[in-house]
Amino acid sequence: MDSNKKPILEFKPKLPALTPKEKKVLNLLVQAAKLIVPIYLQQENRKFPGSNFYPHDITKEEIERAATNNPEILSPYTVVERKSGKLVAIPYHIKYAKLLKPVAQKILEAAKITQNKEFAKRLDFQARALLQGNYDEAAIYWMSMKPYLFNFLIGPVERYEDRLFFIKTSYQSWVGVMDRKDTARFNKYKPVILGSRRKVMMPSEKVDYYDKVQGRIDNAVIYTGRLARTLPIGINLPNDPNLMEKYGSEISVFNQMNQIRVRDEILPIFNKIFSPEFKKTFSNTDLEKGNLYVVILHELAHTYLRYRNSERNLKDLFPIIDELSASVMGIKVCGSLLLKDIMTTKQLESLMLAFMSRCFYLVLEDSKNLSRIHYIIGGSIFLNFLLESGALKESGGLSWPNFTKMFMSLDELASILERMLYQGTREDAEAFINKYGNIEELQRFSR
């Protein structure tokens, strides 16, 4: 999405029949989501690695020194400002109080209307989190409640905008309505996928919450803030490993975004990169389903890869390794699905091809999009690794995939990335990225 446009994306999904009160609740949540936009725009600033979370003339070392005496400097929920020559941390709920008040009012109004008591309580928790900064309390209640028709999140969540420390969170929101049929199918396969990998590296360091993972497929109604910039298909929250271990997580996958990504990103690059003969063997539907499987498996694979100290050890390079690792591991576990006849060989090839096409799109068409930089670098690592292994061959400027070699290469890459997550250092990650993350080398495919 063009960064000059407002970070709002509205969808027009086909929804189930709603009661008049449900329609009012949904409308109020959409209004609240839109009111987040001015806050995100105050945070967003692509000219500076620290966006608007820190003074623009500051160094990392100065921030780290100040944080030794005031840990709130490096809290995910504070803005750092310089006052009278000293650095101070202002909590989000104070910094953005005037803008947050009308957001909370819309949410509380929805809480009074909804006839679902659990959802009403969640709305109340979310409103108080915005006004008082009780983000953990809201997340804990969310994980404890039964799935409901409506799903939403409004608040500071993802940290990718902070390219200095990967700590400060950006405001974002989504509102969705459950697709019950697809959700039932998702949850049918979920235990098979999660049960396919129980042996892990360094079990004492592993955050284990397999039995507390909820999954759902939603029809998105609106994205705003950070989400409207990055346009993810799947979201796995909360991000805090300690909360995950105690209370679990919820994976939300959005139908409309998968269709948009395949239409606008994957199909054009697939048609550009591969030969006419090869393209005949995969339909648009194959790629659409393949990409949806990639997203679902990516989010489920995150549950395998939560190590207690990986963020602290890898620092600002953590998101590159973490996101790529989840995608690669998600594809790797398909081996167990093949053995159990849950997935066909063609389906596995389709999802590998969809992910590869997505990586080519990021590297060739979207390489200057800083909001996606972690995925762009990850995509270049993936492609360069496959080229080195011979899984991808070039003939007349075209890439020809050997799916058997690709799957074997992904097994090796998955092991390297997971080892880095549980015991690697920032220096290890930097060396690996420097070796395989060369975007310029891949530009030959654009010709």
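Which residues lie nearest the centre of the largest pocket? The legends below take this pocket and other sites in turn. The model is predicted: local features need pLDDT of at least 70 and side-chain atom pairs count only at pLDDT 80 or more, while totals for chains, interfaces and linings use all residues. Residues are numbered from 1 along each chain as its sequence is written, and side-chain values use heavy atoms, with hydrogens and water left out.

**View 1. The largest pocket has a volume of about 1000 Å³.** P76, R159, I167, D240 and E311 lie nearest its centre, among 39 lining residues. On a 1 Å grid over the protein atoms alone, a pocket is an open set of points with protein on both sides within 12 Å along at least five of seven lines, a cavity is a set where a 1.4 Å probe fits but cannot get out, and lining residues have an atom within 4 Å of a point. Helix α7 (135-144) gives the most to this lining, with 5 residues. By class, the lining has 22 nonpolar, 7 polar and 10 charged residues (Ala, Val, Leu, Ile, Met, Phe, Trp, Tyr, Cys and Pro count as nonpolar, Asp, Glu, Lys and Arg as charged, and the others, Gly among them, as polar).

**View 2. The second largest pocket holds about 550 Å³ of space.** Of its 20 lining residues, R185, K289, L292, Y293 and I296 are the closest to its centre. Elements that give two or more residues to the lining are α8 (180-195), α11 (255-273) and α13. The most come from α13, with 7 residues.

**View 3. The largest cavity contains about 630 Å³ of space.** G234, H298, E299, E323 and Y375 are the closest to its centre, out of 37 lining residues. α15 gives the most to the lining, with 6 residues. The lining comprises 16 nonpolar, 11 polar and 10 charged residues.

**View 4. The second largest cavity has a volume of about 60 Å³.** Its lining includes R122, W142, Y148 and E250. β4 (150-156) and β6 (213-225) each supply at least two lining residues.

**View 5. Helices α17 (residues 345-365) and α19 (residues 403-423) come within 11 Å, axis to axis, and cross at roughly 70 degrees.** The two helices are therefore roughly perpendicular to each other (65 to 115 degrees). In this contact (heavy atoms within 4.5 Å), L348, E349, M352, L353 and M356 of α17 meet F403, M406, F407 and L410 of α19. The contact residues divide into 8 nonpolar, no polar and 1 charged.

How values were computed
Axes are lines fitted to C-alpha atoms, for helices over the stretch in contact, and angles run from 0 to 180 degrees between N-to-C directions. Helices (H or I, at least four residues) and strands (E, at least two) are DSSP runs, numbered from the N terminus. Angles under 35 degrees count as roughly parallel, over 145 as roughly antiparallel, 65 to 115 as roughly perpendicular and the rest as oblique. Grid points are joined across faces, edges and corners, and a volume is the space filled by probe spheres set on the points.
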